[in-house]
Amino acid sequence: MTEKEKSADSLKELGRALQAEEDARLSSFATPHAAATRKRPIEDSDFRSAFARDRDRILYSGGFRRYVGKTQVVYFASQFDEHITNRAIHTLQVSQIGRTLGRLLRLNPDLIEAISLGHDLGHPPFGHDGEQFMDELCHEFGLGHFQHNVHGLYYVEHVANGNRGLNLTLQVRDGMLHHDGESLHVGLAPQRGRDEAGLEEYVRLAAEGECPHRAPTTLEGCLVRLCDTVSYLGQDVEDAIRLRLVLREELPAGVRSVLGASNRDIINSFLSDIALQSQERDEIRMSGPVAAACRELRQFNYGRIYSHPEIRREKQRIRGAFRSLFEHFLREVERDSRESIIFPHYLNNRSEEYLSTTSPAAKVRDYLATMTDRYFTHVFSTLFVPRMPF
C-alpha cells in the first residue's frame, strides 16, 4: 500500500469516527449519518458523511449556480438593485436559519444543509409566476402538472450531471420533495418510514394535479420546510420597504407585537420560539401566538407585496413569452432543427438515453426550467424582437 493510500484510509477512519461521535450527540429524534440510504450505493471513498456529500454535490451542480439569476419575488432584482433578494440569497438564508435552529435541537446539520441548498432547484425563471406559466403549458401539452418541488426531484435524478443525476440520499430527496406546502400550523411532525415508492406516489399524484399534504419523513426535513416559509416572510417585507411598496409602520400591530417589525427581529422571534417549543419532541412546533402572527404576516405579504401591481406589472408579458418560447422550441425539436439554439445550449449536452426516451415537449420543459431570468429574456429577444438591419 502506498503512502497516499494509507493517508486516504486514515482519513476515512477519522471520518467514520467523527460521524459516530456526532451521531451519539444527536437527539433521539434526529436522523443519524448511519441511516442514510441511496438508490445506487457508492463506495465510502472519503471522510465526509453521506449527507455532507449530498450537500457538496448540490453546491457544485449547475442548478445551484443558476439560483443567483432566478426571481425570488421581484423580477430582475439584481439588474436594478443587488440588495433585493434573489433565489440564491433565499436559499442560503434558509440554510443558515436551519443550521442554527438544528444545532439548538441537536438535529443533523449536514442533512439540514443539504435539503436547504437543494430545496428550490426545480424553480423555473420568474419565481412562482414562472411556475404557474410552466404548469399551464405542461398541462396543455400532455406533460401533467408542473410543481417546482417535483421538478426539483426530477432535476437531481434525471437532468443534473449530464443526465446521470446526483444520486442523492433518500432523506435529502424526500426533504426536497416535501418542502412545499402549508407549514404555519402550530406543529409539523415527520411521517416516518417513507421509501422510494412513497416518493414515486407523490410524483404521480402531483402530475395528476393533486397537492398531497404530506410532511417530510425526517425531523430535519420538517425543520427546513418551516424555515423556508419563515425565511422569506420577513425578508420580503424588507425588500418591499426598500422598494417603497410598503412602510414598516404598516405592518399589522399583532405581527409587530409578537414577532417584531424587522427581518432580524422576526427571525430571532421565530428561532427562540421554535427552540423552546420543540425541545425533545418528534415535532417542530411554534407557540400559538407565534404561529398566528406568522399567518397574519403572510396574509399581509400576499395582499400588499406579492400582488402589488408594480411587482406584477410584467406578468402577462412574461406569460406570453413562456408560451412563445415553448411553442417555438417544441416545433424546432420535433423538426430536429439542429441550428436552433436549444441544441447547442441544451440538447447537445444530454445523454443518448435522455434524448431517445424523453418526449419533445418534456425536453422543452426541462430546457425552459433551467433558464435564469436574464437568459430567458435574452433568448426571447434574440428570437422575437426585430433588429435593425445595419
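Cys294 counts as buried, with a relative accessibility of 2%, where buried means under 20% relative accessible area, exposed over 50% and partly exposed in between, for a 1.4 Å probe and protein chains only. The structure is a predicted model, in which local features need pLDDT of at least 70 and side-chain atom pairs count only at pLDDT 80 or more, while totals for chains, interfaces and linings use all residues. Residues are numbered from 1 along each chain as its sequence is written, and side-chain values use heavy atoms, with hydrogens and water left out.

**Cysteines**

A search of the whole structure finds zero disulfides, a disulfide being a pair of cysteine sulfur atoms within 2.5 Å. Cys294 is accordingly in no disulfide, and the nearest cysteine sulfur, which belongs to Cys227, is 11 Å away. Cys138 is buried as well, with a relative accessible area of 1%.

Helices (H or I, at least four residues) and strands (E, at least two) are DSSP runs numbered from the N terminus. Helix α18, residues 360-370, is largely enclosed by the rest of the structure, because 10 of its 11 residues are buried; among them are the charged residues Lys363, Arg365 and Asp366.

Helix α8 packs against α18 at an angle of about 105°, and the two axes are 12 Å apart; here axes are lines fitted to C-alpha atoms, for helices over the stretch in contact, and angles run from 0 to 180 degrees between N-to-C directions. The two helices are therefore roughly perpendicular, given that angles of 65 to 115 degrees count as such, under 35 as roughly parallel, over 145 as roughly antiparallel and the rest as oblique. On the α8 side the contact (heavy atoms within 4.5 Å) is made by His151, Tyr154 and Val159, and on the α18 side by Arg365, Asp366 and Ala369. These residues divide into three nonpolar, one polar and two charged, where Ala, Val, Leu, Ile, Met, Phe, Trp, Tyr, Cys and Pro count as nonpolar, Asp, Glu, Lys and Arg as charged, and the others, Gly among them, as polar.

Asn149 also lies in α8, which spans residues 148-159, and is buried at 1% relative accessibility. Leaving aside residues up to four places away in sequence, Asn149 touches Met176, Leu177, His179, Asp180 and Tyr202.

**Aromatic pairs**

The structure holds 13 aromatic pairs. Rings of Phe, Tyr and Trp (its six-membered ring) pair if their centres lie within 6.5 Å, and planes under 30 degrees apart count as stacked, over 60 as edge-to-face and the rest as tilted. Two of the pairs are tabulated here.

| Pair | Centre distance | Plane angle | Class |
|---|---|---|---|
| Phe322 and Phe376 | 4.6 Å | 40° | tilted |
| Tyr367 and Tyr375 | 6.3 Å | 75° | edge-to-face |

Phe322 lies in helix α15 (residues 315-335) and Phe376 in helix α19 (residues 373-384), so this pair ties together parts that are 54 residues apart in sequence. Phe322 is buried at 0% relative accessibility, and Phe376 is buried at 2%. In the other pair, Tyr367 is buried with a relative accessible area of 1%, whereas Tyr375 is partly exposed with 23%. Phe322 and Phe376 also belong to one aromatic cluster with Tyr75, Phe126 and Phe133.

**Val73**

Val73 sits in the loop between α3 (62-66) and α4 (77-80) and, at 12% relative accessibility, counts as buried. Beyond residues up to four places away in sequence, Val73 touches Asp236, Ile305, Tyr306, Ile311 and Arg312.
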